[in-house]
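I hope they are handy to have beside the viewer.

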Amino acid sequence: MAVYPSCRRCGQRAALVDHIEPHRGDQELFWRRTNWQPLCTPCHSSAKQSAERRDQKEK
């Protein structure tokens, strides 16, 4: 987090690393650093998760 201390969505202090594209168990995608983004807990737990659920329903 020292390299990317701010949430990519809201700018607050980042608390975790999120996968931009859900890896769904794909280890190569899980460890691909270009697929990582810093997010704060509220953005990860609400906005990002809601968007992923919507994307799943549309498929």
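1. Let me start with Arg32, which is partly exposed because its relative accessible area is 36%; buried means under 20%, exposed over 50% and partly exposed in between, with a 1.4 Å probe and protein chains only. The side chain of Arg32 meets that of Glu28 in a salt bridge at 3.2 Å, N to O. Glu28 itself counts as exposed, at 58% relative accessibility. The rule here asks for a side-chain nitrogen of Lys or Arg within 4 Å of a carboxyl oxygen of Asp or Glu, and it gives a count of one salt bridge.

2. A word on the ground rules: this is a predicted model, where local features need pLDDT of at least 70 and side-chain atom pairs count only at pLDDT 80 or more, while totals for chains, interfaces and linings use all residues. Residues are numbered from 1 along each chain as its sequence is written, and side-chain values use heavy atoms, with hydrogens and water left out.

3. On the overall layout, the protein has two helices and two strands, and along the sequence they follow the pattern β-α-β-α. These are DSSP runs numbered from the N terminus: helices are H or I with at least four residues, strands E with at least two.

4. Now the aromatic residues. Rings of Phe, Tyr and Trp (its six-membered ring) pair if their centres lie within 6.5 Å; planes under 30 degrees apart count as stacked, over 60 as edge-to-face and the rest as tilted. That gives two aromatic pairs. Phe30 and Trp31 have ring centres 4.8 Å apart and planes at 75°, so this pair is edge-to-face. Trp31 and Trp36 are also edge-to-face, because their planes stand at 65°, with centres 6.5 Å apart. Together, Phe30, Trp31 and Trp36 form one aromatic cluster.

5. How accessible are the members of that cluster? Trp31 counts as exposed at 55% relative accessibility, whereas Phe30 is partly exposed at 24%, as is Trp36 at 26%.

6. Do have a look at Asp18 too, in strand β1 (residues 16-19). Asp18 is buried, with a relative accessible area of 4%. Its side chain makes a polar contact with the side chain of His44 at 3.3 Å. A polar contact is a pair of N or O atoms within 3.5 Å; within protein, one must be able to donate a hydrogen and the other to accept it, and residues adjacent in sequence count only if both atoms are side-chain atoms.

7. Finally, burial across the chain: 24% of the 59 residues count as buried.
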